[in-house]
Amino acid sequence: MEALLTWLDLTAGDREKLRRILDLFNEKGTLDELGLSSLRDMFSEALFPGVNTTQTRLRYVLLVPWIYRSLETKGLGKDKDVATEARKSEIKLIGTLLESDDRGGTIGVNARDALVRLPSDIYWGALNQWGIFTGHESQWRYHRNFHSRKPRGELVEDDQGIEHNKISKWHIHLSDPPSEFPWKASLSLTREEADFLLGRLQENCKGTLLGWLATHGSEEELEHDHLWDTTARKKASADLRETIEYARRFSLHVEGISILYNLLIAEDRISLGIATDDEKRDRPYIEHYKNQLGEWAVLETKEELYDSADLYDFAARRGVNLSYPQIQFIETWGMRIKAVGAHRLGEDNNARQLIREREWRLKGKRARLHSLDRLRDWSGGVGLGRMEFRWYTARRLLRDLYAGLNR
């Protein structure tokens, strides 16, 4: 029977959690095989709030509101479903963008009408967290309450003289779309649009690397392979520098887990006779991961022993609850490094067993190191590389911002 994923009767919070889980499968270097993705998410949110790995271009945070505001202005009849009407507009937008001079990163190029995850869904978190949508509610709730709202009202001032819209929940200074929209559109930001987005990031992303780079960054900063190589590591506030350092150190510490995990897979495929046809391919993988583990050990050994107390303190301040098995796994990994040294972990039976048991507890019969079928479908690497905490996506968005500001 074909496996299908359907949206059950979930709360808005449940749906958002599930979307984040699905995003993990799109991010290079996922470590979810061993249950570390929630910790990566914790650092990612602290560094780049509102960013997720399925985002492509920054101007979508304007294109989506323009579509919805148009529906608000039209006073969509109650016989019309706002989700359906918005979907129609978003699907049409694909073709419109592809006719423009700046179309790289257009979402849905291949899927078109069959597109499952629309830009509005992908960017809704950013719209909320960056203060572009001021309703502070899920997209599902916005859709549900759409017909209870009246068309956009007149502006009013509060006691401090700040203007607000009586009805609309979009930011009061969100610009109107160009006159040719939605018949013509591109993914390039105008100077006015970039200034607006810069203001939102400065106001709503204070203390984050996203906010800092929006204000102080440059194209040169975005050339770095790792976020901790940016000048923010030295010039940002003490709190942000601490967050960057915690993220850097954690990323390095657990990288060895991923490398050893892949080494075990390659070894098992040969020892169990699974790689009969691919043995010539798999044996070099063993040497490759041994070399990778050695290179990682050199870097890990240069650092002070990892202090997991820093991780727990950071999680507590972020309001993130760590599970006991997760804590135990990380602490035991650190204990093996302390006991035998990073250079000997590849030969350490306790470290090897730690990884096997961790995967079994998380996945049971679906654990790759315990399933012949899953060992067979290994393509040469899973969970590879350092955790980058959405840095590559953030760089794409920031490039768009800088380009707009320089127009």
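**Exercise 1.** How are H2 and H10 oriented to each other, roughly parallel or roughly antiparallel?

*Solution.* The model examined here is predicted.
Step 1. Locate the two elements: helix H2 spans residues 37-47, and helix H10 covers residues 238-271.
Step 2. Take the packing geometry: the angle is about 150°, and the axes are 10 Å apart.
Step 3. Apply the cut-off: angles over 145 degrees count as roughly antiparallel. H2 and H10 are therefore roughly antiparallel to each other.

**Exercise 2.** Identify the residues through which H2 and H10 meet, and classify them.

*Solution.* 
Step 1. On the H2 side, the contact is made by Leu39, Phe43, Ala46 and Leu47.
Step 2. On the H10 side, their partners are Leu240, Thr243, Ile244, Tyr246, Ala247 and Phe250.
Step 3. Sorted by class, this contact of H2 with H10 comprises 9 nonpolar residues, 1 polar residue and no charged residues.

**Exercise 3.** Describe the packing of H7 against H8.

*Solution.* 
Step 1. Helix H7 (residues 191-204) packs on helix H8 (residues 209-216) at an angle of about 135°, their axes lying 8 Å apart. That angle makes H7 oblique to H8.
Step 2. The crossing of H7 and H8 is left-handed.
Step 3. From H7, Leu198, Leu201 and Gln202 meet Leu210, Gly211, Ala214 and Thr215 of H8. The classes in this contact of H7 with H8 are 4 nonpolar, 3 polar and no charged residues.

**Exercise 4.** Which residues line the largest cavity, and into which classes do they divide?

*Solution.* 
Step 1. Count the cavities: the structure contains 1 cavity of 30 Å³ or more. The volume of the largest cavity is about 30 Å³.
Step 2. List the lining: Leu58, Trp130, Leu201, Leu210, Leu397 and Leu398.
Step 3. Assign classes: the lining has 6 nonpolar residues, with no polar and no charged ones.

**Exercise 5.** Characterise the backbone at Pro182 and at Arg112, and place each residue.

*Solution.* 
Step 1. The peptide bond leading from Phe181 to Pro182 is cis, with omega near 10°. Pro182 sits in the loop between strand E2 (163-165) and H7.
Step 2. Arg112 is not a glycine, yet its phi is positive, at about 50°. Arg112 is found in the loop between helix H4 (82-98) and helix H5 (119-129).

Key. Residues are numbered from 1 along each chain as its sequence is written. This is a predicted model: local features need pLDDT of at least 70, side-chain atom pairs count only at pLDDT 80 or more; totals for chains, interfaces and linings use all residues. Side-chain values use heavy atoms; hydrogens and water are left out. On a 1 Å grid over the protein atoms alone, a cavity is a set of points where a 1.4 Å probe fits but cannot get out, and a pocket is an open set with protein on both sides within 12 Å along at least five of seven lines; lining residues have an atom within 4 Å of a point. Grid points are joined across faces, edges and corners, and a volume is the space filled by probe spheres set on the points. Ala, Val, Leu, Ile, Met, Phe, Trp, Tyr, Cys and Pro count as nonpolar, Asp, Glu, Lys and Arg as charged, and the others, Gly among them, as polar. Axes are lines fitted to C-alpha atoms, for helices over the stretch in contact, and angles run from 0 to 180 degrees between N-to-C directions. Helices (H or I, at least four residues) and strands (E, at least two) are DSSP runs, numbered from the N terminus. Angles under 35 degrees count as roughly parallel, over 145 as roughly antiparallel, 65 to 115 as roughly perpendicular and the rest as oblique. A crossing is left-handed if the near helix is turned anticlockwise from the far one by less than a right angle, and right-handed if clockwise. Contact means heavy atoms within 4.5 Å.
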